Amino acid sequence: MNPKELAQKISNNPKFTSGHRMCGGCAAPIIVKTILAATDKPVVAANATGCLEVASTIYPYSSWDIPWIHSAFENAPATISGVIAAYEAMKRKGKMKEDVKFIAFGGDGSSYDIGIQSLSGALERGHDFVYVCYDNEGYMNTGGQRSSSTPLGASATTDPAGKNKPGKQENKKDLVKIAAAHNIPYVAKASVSNLTDLAMKAKKAFETKGPAVLVVLSTCPTIWGTQPKDTITLAKRAVDSCSWPLYEIENGEYKLNYKPANKMPVADFMKPQRRFKHLFVPGNEFMLERIQKNVDSEWEKLRKLCGDS
Amino acid sequence: MIMATAKGKIFPLTGNYAIAEAMRQINPDVVAAYPITPQTSIVETFSKFANDGKVDTEMVRVESEHSAMSACVGAAMAGARTMTATCSAGLALMYEIVGVASGLRCPIVMPVANRAISAPINIHCDHSDSIGARDLGWIQIYNETAQEAYENVFLAVRLAEHKDIQLPVMVCEDGFITSHCVQNVKIYDDETMKKFVGENKPEHALLDLKNPITVGAIELQDYFFETKRQQQDAMEKVPGVFLKVGNELSMLTGNDYGFYEEYKMNDAEAVIVTMSSAAGTTRAVVDRMRADGKKVGLLRIRLFRPFPYKEVAKALSRAKNVAVLDRSMSFGANAPLYGEIMNALYPMEKKPGLQSYTFGLGGRDLLESHVEHVYKEMLAGKVSDGKKYLGLREETV
């Protein structure tokens, strides 16, 4: 799908409409609209508690023009499992004929942390659905607390940069590989900066029989401390610095979807963001070095897995 | 005695097997469940039915009770007739979603094989699991026997799915005592029971693709309160529907489905109020003491949520002294059933004496000698506002 086609598809058939109360510059609605435009089939969605849910369904309003359910923070995968089971039962009993696609959305808090059991269970059971983690690297709905997706060195309200500790000292959990370890047919990492790539992956995910997982970088201007206008360029820097590589794992086969011509230093991605501000004061250079080293080694490992070395 | 019209055959069954039989006959669209002692054999038996093709049910073999209830919420909101089963730690783990199920008005039916809550860990019967969940907006029916549990599963489906109710129901049986002991159970014929439960026809469903709905929206200071009030309204409609559906079931089985069972209550001066299997032991003592001319009676509560205050008050209006036997505790407060009975008696001008007894925690046996002791105390007018315990090591009873 080329960008023009994609844009037309989104505006012709908005399954997620404007009027919601997400922050200016939030990447999540862009991600949702792009993914939902990637299929022409009817879609039923489940949503974990989080920014997307809270800001899109303030009663009596709803931005969702598709069947949509929210139940709790940690259970969107289990909830959609139940919806799918109902669909299968009704199909078997002849009460439904349509080919329906199922999708669940969750932020990184619900996907990496509190709901990882629910996600793992649903992936193992093999339900035919797409799971989307819009990853803004923290509990942004409640003010930016630390999640296991918060990157090395970032300051979070529950792990703030302090005199004795310059932000988070642990590496980000690798949800893509965790999902892939369930031996599911399709897992991909994508970014709001590369929408045709995201649309292509969403299409594959919808068309895959069985579970598919998309982990999508979702810029959060409010908590990252950046300008709304920079949402896309910033995400692009994450991709170009190889700290957020775009790749997919299809039936166990790794494929690199994008390789920057010139690998950007990861500091160029971090510098404009308030959450990394403390790393750019004298004395914390070691953290920047550690982060760059980490990005480099992960990137080389990934290239190997993708047969690019 | 009502003439029963349903054909049936008597089998020696455990409570759990009888409940699984009811589930087979109901043939729900979705069952999402996780095993936990002593509920496990419900899920095991039903899983075999499913894998042998005896039901059309889609089973979701989840990785926890939290996911069991979450999947049930998804399935029920999708428009499916949905069931699960649990107890104890399982009910505690799903607690958050138990409240979601009633708040979203999911007509889920959940048998509970009552078991103690940790710690200390204990796999045996008391009511602290479901009693602890009494304020989460579920209808709760407590059953004495396997037969009653079996029959009330059907009643629960009709009650839950009734258009004026749309609330989830727990059908409780005593763990091990009822769930695992073999009793004679009359299983009615499939066709009759299938006809009795009928079809689930939800007004709104996620899978109604032409009419997309948003389920589980956020409601803040401006709407939340009204939604909760509507939940209360639905609960208040339960007693009427419970009796109506119970009457229909009664025409088939000949059995009674009232809010409670009265046993030799007409002229009873000393009354025991209790729930579930303890009533069997109590009834035996009533018979023995009645033979000796003692005016003793039993009031066994079936419907605990919503609680039938007025009717209970009326049933107790002729008693001189009432002993309430609770199989759970509310630490630092009145025992749960005792508290409800006290609430029921408050508006009465002439109140009977009232005494709280706690028994049977963690599966401790309730003996006939305990019950007899209680009746003797009630006949002697020994009532106090203190807590008494039955069968405790420290007690002499």
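Okay, some ground rules. Residues are numbered from 1 along each chain as its sequence is written, chains are lettered from A and ligands numbered from 1 in the order in which they are written, and side-chain values use heavy atoms, with hydrogens and water left out. Because the model is predicted, local features need pLDDT of at least 70 and side-chain atom pairs count only at pLDDT 80 or more, while totals for chains, interfaces and linings use all residues.

Let's start with A:Lys201. You'll find A:Lys201 in helix H8, residues 195-207 of chain A; helices are DSSP runs of H or I, at least four residues, strands are E runs of at least two, and both are numbered from the N terminus. Buried means under 20% relative accessible area, exposed over 50%, and partly exposed in between, using a 1.4 Å probe and protein chains only.

What does the side chain of A:Lys201 make a polar contact with? That's the side chain of A:Asp197, at 2.8 Å. A polar contact is a pair of N or O atoms within 3.5 Å; within protein, one must be able to donate a hydrogen and the other to accept it, and residues adjacent in sequence count only if both atoms are side-chain atoms. Leaving out residues up to four places away in sequence, A:Lys201 also touches others, including A:Tyr186, A:Leu214 and A:Asn257. Contact here means heavy atoms within 4.5 Å.

Now, cysteines. The whole structure has zero disulfides, a disulfide being a pair of cysteine sulfur atoms within 2.5 Å. For A:Cys26, the nearest cysteine sulfur belongs to A:Cys51, 6.3 Å away. A:Cys133 is buried at 0%, and its sulfur is 12 Å from the closest one, in A:Cys51, so that's too far for a bond.

Last up, rings. There are 16 aromatic pairs over all chains. Rings of Phe, Tyr and Trp (its six-membered ring) pair if their centres lie within 6.5 Å; planes under 30 degrees apart are stacked, over 60 edge-to-face, and the rest tilted. Take A:Phe16 and A:Trp64: their centres are 4.7 Å apart and their planes at 70°, so they're edge-to-face. Each sits in a loop, and the pair ties together parts 48 residues apart in sequence.
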